[in-house]
Amino acid sequence: MSANDLALAVTVTVMVAGAAGTVLTSDVPRLVISLGTFLLGVAAAFLVMGSPLLAVSQVFVYVGGVLVLVLFALMMVRRSGDEKPKVATRHDLGAAVIALGVFVLLAAVLGPVAADPTPVVTAPNEVGAILLGPSLVAFELVGVLLLAALLAVLVIVKGGEDS
Amino acid sequence: MIVAIGCAAAFSLGVYAVLTRRDVIAILAGAELMLGAANVQLVAFALSRGGDGAVVSSFALIVLVIAAAEAAVGMALVVTAYRRTRRTLVDEFGEVSG
């Protein structure tokens, strides 16, 4: 096993451990920490696969943005009288069977054809050249989508205040 | 193979979270698990098939931005729904509007 395969195995293990913690814990702080572990594992996987720009974006957008958003939302919707906030869960055999079926299906379809990637180190300026060149339309559309999402959030929150 | 199995496991755990969690924010966390696992699998699969690293990265970056926008709108909906109804459990929401 090469050093790259070992690094990939470690990052994927961190991802799965974080995902398992997010799913199984009923403790709110542990859920946030587990989600953060998963997101950092994803960033590390991007780094090992040779894409430092994606890794940094993942840390900035998810660990620095979405995770803080989740934390704020949890703090806002928890009543101060709650002694120890718990995440309500209804563990169910049917859901476990469905999730297991999804895992078996994905592993059976992707496992044989998806060999582990050989890292291709991509400099950020190469990604920029693609985004502002052949993918310019997609790049601009994402900008419009972000603006629409920003306006939607403002409208949704304002609507909640009015009622 | 390791990445494919790991991403499949993380995605399945996300599916399980979406199906079993009753708290809306925890359901959104499950959706984030699925999006993250799918994005890693996308990059790994493209690179293993000889894809151009720059094109793959730009594609994954766009997916990442769209997922972040989805999370922001989702959180706004959760906070607004809580302010209107004082509830965060999905089975307590009995109607779509009103």
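This is a predicted model: local features need pLDDT of at least 70, side-chain atom pairs count only at pLDDT 80 or more; totals for chains, interfaces and linings use all residues.
**View 1. The salt bridge between A:R30 and A:D27.** The side chains of these residues meet at 3.9 Å, N to O. A salt bridge here is a side-chain nitrogen of Lys or Arg within 4 Å of a carboxyl oxygen of Asp or Glu. In general, side chains of opposite charge can pair when their charged atoms come close. The cut-offs are under 20% relative accessible area for buried and over 50% for exposed, with partly exposed in between (1.4 Å probe, protein chains only).

**View 2. The interface of chain B and chain A.** Here 66 residues of chain B are in contact with 78 residues of chain A, contact being heavy atoms within 4.5 Å. The area buried between the chains is about 6300 Å², and carbon and sulfur atoms give 78% of that. Buried area is the accessible area (1.4 Å probe) that two parts lose on being put together, summed over both. Across this interface the rule finds 0 salt bridges, but it does find 7 residue pairs in polar contact, both residues being at pLDDT 80 or more. Helices α1, α2 and α3 (53-85) of chain B each supply at least two residues of the side that touches chain A. Of these, α3(B) gives the most, with 25 residues. By class, that side of chain B has 45 nonpolar, 12 polar and 9 charged residues. In this scheme Ala, Val, Leu, Ile, Met, Phe, Trp, Tyr, Cys and Pro are nonpolar, Asp, Glu, Lys and Arg are charged, and the others, Gly among them, are polar.

**View 3. B:T20 and B:A4 in helix α1 of chain B.** Helices are DSSP runs (H or I, at least four residues), numbered from the N terminus, and this one covers residues 2-20. B:T20 counts as buried at 1% relative accessibility. A polar atom of its side chain lies 2.7 Å from the backbone oxygen of B:Y16. For reference, a polar contact is a pair of N or O atoms within 3.5 Å; within protein, one must be able to donate a hydrogen and the other to accept it, and residues adjacent in sequence count only if both atoms are side-chain atoms. Leaving out residues up to four places away in sequence, B:T20 touches A:T89, A:R90, A:H91, A:D92 and A:A95. B:A4 is also buried, with a relative accessible area of 2%. With the same exclusion, B:A4 touches A:L110, A:G111, A:A114 and B:Q41.

**View 4. Helices α2 and α3 of chain B, end to end.** The 25 residues of α2(B) (24-48) should span 36 Å at 1.5 Å a residue, and the end C-alpha atoms agree, being 36 Å apart. The expected span is 1.5 Å times one less than the number of residues. In α2(B), 19 of the 25 residues are buried, and B:G50, which follows the helix, has a positive phi near 80°. α3(B), with 33 residues, reaches 47 Å from first C-alpha to last, close to the expected 48 Å. At its start, a side-chain oxygen of B:D52 reaches to within 3.2 Å of the backbone nitrogen of B:A54. Just after α3(B), B:R86 takes a positive phi of about 60°.

**View 5. A:F46 and A:T122, two buried residues of chain A.** A:F46 sits in helix α2 (28-48) of chain A and has a relative accessible area of 1%. Its C-alpha is 9.4 Å from that of A:P119, 73 residues apart along the chain. Beyond four places in sequence, A:F46 touches residues of both chains, including A:L54, A:Q58, B:N39 and B:V43. A:T122, in the loop between α4 (93-113) and α5 (124-131), counts as buried at 2%. Among the contacts of A:T122 beyond four places in sequence are A:G50, A:P52, B:G53 and B:S57.

Terms used: Residues are numbered from 1 along each chain as its sequence is written. Chains are lettered from A and ligands numbered from 1 in the order in which they are written. Side-chain values use heavy atoms; hydrogens and water are left out.
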